[in-house]
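Me: I'm new to this one and would like a close look at a single part of it. Could you walk me through it slowly?

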Amino acid sequence: DPIINIIQKHIPNAAVLSNVSAELGMQLPSDTTSKFANLFKELDSSKESLGIAGYGISITTLEEVFLRVAEIESTPTNEAFKKPLVPKTNNLVAELPPGSHENSRLEHAADHEAENLKGSPGIDDNDQERIEGRAQIFGTHFLALLLKKWHYFKRDKRGFCCEIFLPILVMIFGLLIMNRPFTFKTPVVPLNPVTLWPQPVNVMYNQYLPNTSAVDPNLISLLDRNVTLVSSSAASLSAFDTEIFTKSQSFDPSLRMAYYIENSNTTTNSWNFTALVNTTARQAAPLAINYMSNAILQEKDSSYYINHALTSMPRTAVQNLRTSSIISGIICVYLFTMGLSFIGASLVFFMVKESET
């Protein structure tokens, strides 16, 4: 082959590795790298004449090294066949002529030792008892895997804590919370329009009493401290009610209460009024009465006031038990689920870590 001749002309020790179809592979010694430049120049100049489509060079792969080593080890040398197998004692090789008495004795001893070795366990795997049956094989493999994972598990202290101690601690914490009684108290509601309703609190009132006299201005000033008063010229309660119904949606925020004052006499200490309330407003009725009562009381003596608050009836034992059971159930489900999730998460982490090692 002219290509092989060119390569061996520059590198005589080059050996052919493969020559299949249109591809040629050759092995070049590593100590001949200084001759590669001239070799490549001649190959480049002779590409067309030799029909070379392309060429390349690479270092011997690890797979090729292993294959070569295996080939060398599997090929017996002539010397191995030439030398007879003789017993060795203290690294001294004794070569005896065939047919001698000593040689027969040694051969008999060697045969006896070989017979003993055949019965020894672990000498030949083919002579050992094999496991038969799918169920027995499955059980053996399963126990072996459990034993392996147990040894891995003992070495992983963090995984041990996540699988054993953390779930127990979370469950104990959940049980402590569940044993705690839950009691609920309704809040005390102060009858104050400033704290209950959004500002400004619009309040309508009549400017004139039914007898056409003006309402006491001192009473109006006391009402005007915490609310925004809107006057009305209605002469009767029905006209006042109609006006409120007409104008209620024009206020922002909407109208929550109104006062129709029928009598205001500080001389006889008599006051008559009608409170009209928006029933959709929170605590509107008691707040309206309490607010006007405070204004009337302070008109007589400013040092007095009514501090009134609403307290709802306490919850019954059945209501408390039902609510407590619902909350305890939610806490139980949440904490127990969170505690048990540590086990699954640690198992996944353990499997990933095991595959990495």
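Which residues have the most contacts inside the largest nonpolar core?

Reply: Keep in mind that this is a predicted model. In the largest nonpolar core, the residues with the most contacts are W197, M257, Y259 and I261, out of 27 residues that make it up.

Let's zoom in on Y259. Leaving out residues up to four places away in sequence, Y259 touches a whole list of others, including V203, M204, Y205 and N206. Also on that list are F240, F273, T274 and A275, along with A288, Y291 and M292.

Now for the sheet around there. Four strands form an open sheet in the order β7-β6-β8-β9, and the pairing is mixed. On the edges sit β7 (228-232) and β9 (270-277), each pairing on one side only. On average, neighbouring strands in this sheet are turned by 25° against each other, ignoring direction. Strand β8, which spans residues 257-265, runs antiparallel to β9, and 8 bridges join the two. As for who faces whom, S264 stands opposite W271 in β9. Helix α12 (residues 284-300) packs on this sheet, where it touches β8 and β9, and its direction makes about 155° with that of β9.

As a rule, nonpolar side chains tend to be buried together in soluble globular proteins.

Note on methods. Residues numbered from 1 in each chain as written. Predicted model: local features only at pLDDT ≥ 70, side-chain atom pairs only at ≥ 80, totals over all residues. Heavy atoms only, no water. Pairing = 2+ DSSP bridges. Axes fitted to C-alpha atoms, helices over the stretch in contact; angles between N-to-C directions. Contact = heavy atoms within 4.5 Å. Core = buried A, V, L, I, M, F, W, Y, C linked by side-chain atoms within 4.5 Å. Buried < 20%, exposed > 50% of the residue type's maximum accessible area, 1.4 Å probe, protein only.
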